[in-house]
Amino acid sequence: TMGTGIEGGSCTGGSGYMNCSNKKVYYENPGVWEISFKANYTFVYGGYDKITWAANQSVWMVGGTTGSPSMRIIRGTETAYDKAEARFSIYLYLGGSYGTLTRSVSLILGADSATARGNTYY
């Protein structure tokens, strides 16, 4: 079963905000592959949430090679119309019955909540 999640790191709150740092955002097919990155973000209560840093991407695979890794912050700050998003994309050349997979994992931030989303697109 495919899995996504946000784990680790820490969060500290202040008046009207919460800062979360070094959170691991991952997408996995357990025992076959996992892609992830680390991120810092801020929940602004009554305002727009922000992704302040996204890097330290990582790939684990049972075998094969990877290609064209791309780590980017697509939208750093939530707007009235769209949530903030950071995305790590990669091609996984697993071979065998898996072949070539296009996978990405997104951190979606908005409405004072953070979620990980696994994608089958770059």
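Student: Which cysteine does the disulfide join to C11, and at what S to S distance?
Tutor: In this predicted model, the structure holds one disulfide. A disulfide is a covalent bond between the sulfur atoms of two cysteines. Here the partner of C11 is C20, and the S to S distance is 2.1 Å.

Student: Is the link of C11 and C20 right-handed or left-handed, and what is the angle about the S-S bond?
Tutor: The handedness belongs to the disulfide that joins C11 to C20. The link of these two cysteines, C11 and C20, is right-handed, with an angle about the S-S bond of 110°.

Student: Is C20 buried or exposed?
Tutor: The cut-off for a buried residue is a relative accessible area under 20%. C20 has a relative accessibility of 3%, and therefore counts as buried.

Student: What is the phi of N22, and in which strand is N22 found?
Tutor: Most residues other than glycine have a negative phi. N22, although it is not a glycine, has a positive phi of about 55°. N22 is partly exposed at 38% relative accessibility, and the strand in which N22 is found, residues 17-29, is β3.

Student: Where is S68 found, and what is its phi?
Tutor: S68 is found in strand β6, which covers residues 65-75. With a relative accessible area of 43%, S68 is partly exposed. S68 is a residue other than glycine, yet its phi is positive, near 50°.

Terms used: Residues are numbered from 1 along each chain as its sequence is written. This is a predicted model: local features need pLDDT of at least 70, side-chain atom pairs count only at pLDDT 80 or more; totals for chains, interfaces and linings use all residues. Side-chain values use heavy atoms; hydrogens and water are left out. Helices (H or I, at least four residues) and strands (E, at least two) are DSSP runs, numbered from the N terminus. Buried means under 20% relative accessible area, exposed over 50%, partly exposed in between (1.4 Å probe, protein chains only). A disulfide is a pair of cysteine sulfur atoms within 2.5 Å.
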